[in-house]
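This report looks at helix packing and at nonpolar cores in one model. Please keep the sequence and the structure in view while reading.

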Amino acid sequence: MIEDIELETLINEVYEYYGFDFGSYSRASLKRRVNRVMHLDGFTHFHEFLSRVRYDPEYYKRMVDEITVNVTEMFRDPSFYAVVRNEILPLLGTKPFIRLWHAGCSTGEEVYSMAIMLKEAGLLHKSLIYATDINSTVLETAKKGIFPLRMMKEYSENYRDAGGQEDFSNYYIANYGIAKFNEELAEKMVFSQHNLVSDTSFNEFDMILCRNVLIYFDNDLQKRVINLFDESLAVLGFLALGTKETIKYSITPNKYKQLDKEKIWRKVK
């Protein structure tokens, strides 16, 4: 286990050498993830690990990739997707064009879930899904639309629980232990690197999804990111966060109206 002072040293060195700021990440989460990387890569002493990070830019990239990867799955929390399918997509469908942003999209499972629902609602042809992450490695995976075949049983159950009526296997081709999702879905996606900590707004969106990313940030950074989303969201647009996340302390309360049960807010002003 690394000491608190060692963690602070790592944060400072990474900022000084590479300009990347881990300073606003939740310390408990960051510590857990750094310990995991050190264990994975066989380091027994912190100073050896720090030296490698400092002098080996390739290894530094690997460390950032390992620390910033978020666990994800298709149609995660099916009740959330059921609300999107039944309550939100019909409202978005009235627009001539729909822009969505998956911030912190990780390996892309949730992006493909959304594309499938848009297709089933007859809206994919007039939608564009921007999918961003700080982690270039996961973005490469997401772009390919290739996921482990062993996960498909669970994903198809999630899909059905979220109100899906089709045969889920119609959406991918199974081959050598992998599932490759249809090109038609990927055509409506734009993947790019974006750092929620330091980058600015880049478009106006009708829906922004950032689920289970803010839990890794401290309160100040959470506020900053929520404000970034607020700047990027059209009036009457929707913001979806993870089950343990809220906008309550970040934005004027009467500017947003929360939908029942799920962590989805509609911008009313």
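## Basis

The model is predicted, so that local features need pLDDT of at least 70 and side-chain atom pairs count only at pLDDT 80 or more, whereas totals for chains, interfaces and linings use all residues. Residues are numbered from 1 along each chain as its sequence is written, and side-chain values use heavy atoms, with hydrogens and water left out.

## Helix 1 and helix 3

Helix 1 (residues 4-18) packs with helix 3 (residues 46-55) at an angle of about 10°, their axes being 10 Å apart; helices here are DSSP runs of H or I with at least four residues, and strands are runs of E with at least two. Axes are lines fitted to C-alpha atoms over the stretch in contact, with angles from 0 to 180 degrees between N-to-C directions. The two helices are therefore roughly parallel (angles under 35 degrees).

## Nonpolar cores

The largest nonpolar core has 47 residues, and Phe22, Phe49, Met63 and Leu196 have the most contacts inside it. Such a core is a set of buried Ala, Val, Leu, Ile, Met, Phe, Trp, Tyr and Cys residues joined through side-chain atoms within 4.5 Å, buried meaning under 20% relative accessible area and exposed over 50% (1.4 Å probe, protein chains only). Apart from this core lies another, of 46 residues, including Tyr81 and Met189.

## Helix 8

In helix 8 (residues 152-161), Met152, Tyr155, Ser156, Asn158 and Tyr159 are buried. The face turned away from the buried side of helix 8 carries the exposed Lys153, Arg160 and Asp161.

Technical notes. Angles under 35 degrees count as roughly parallel, over 145 as roughly antiparallel, 65 to 115 as roughly perpendicular and the rest as oblique.
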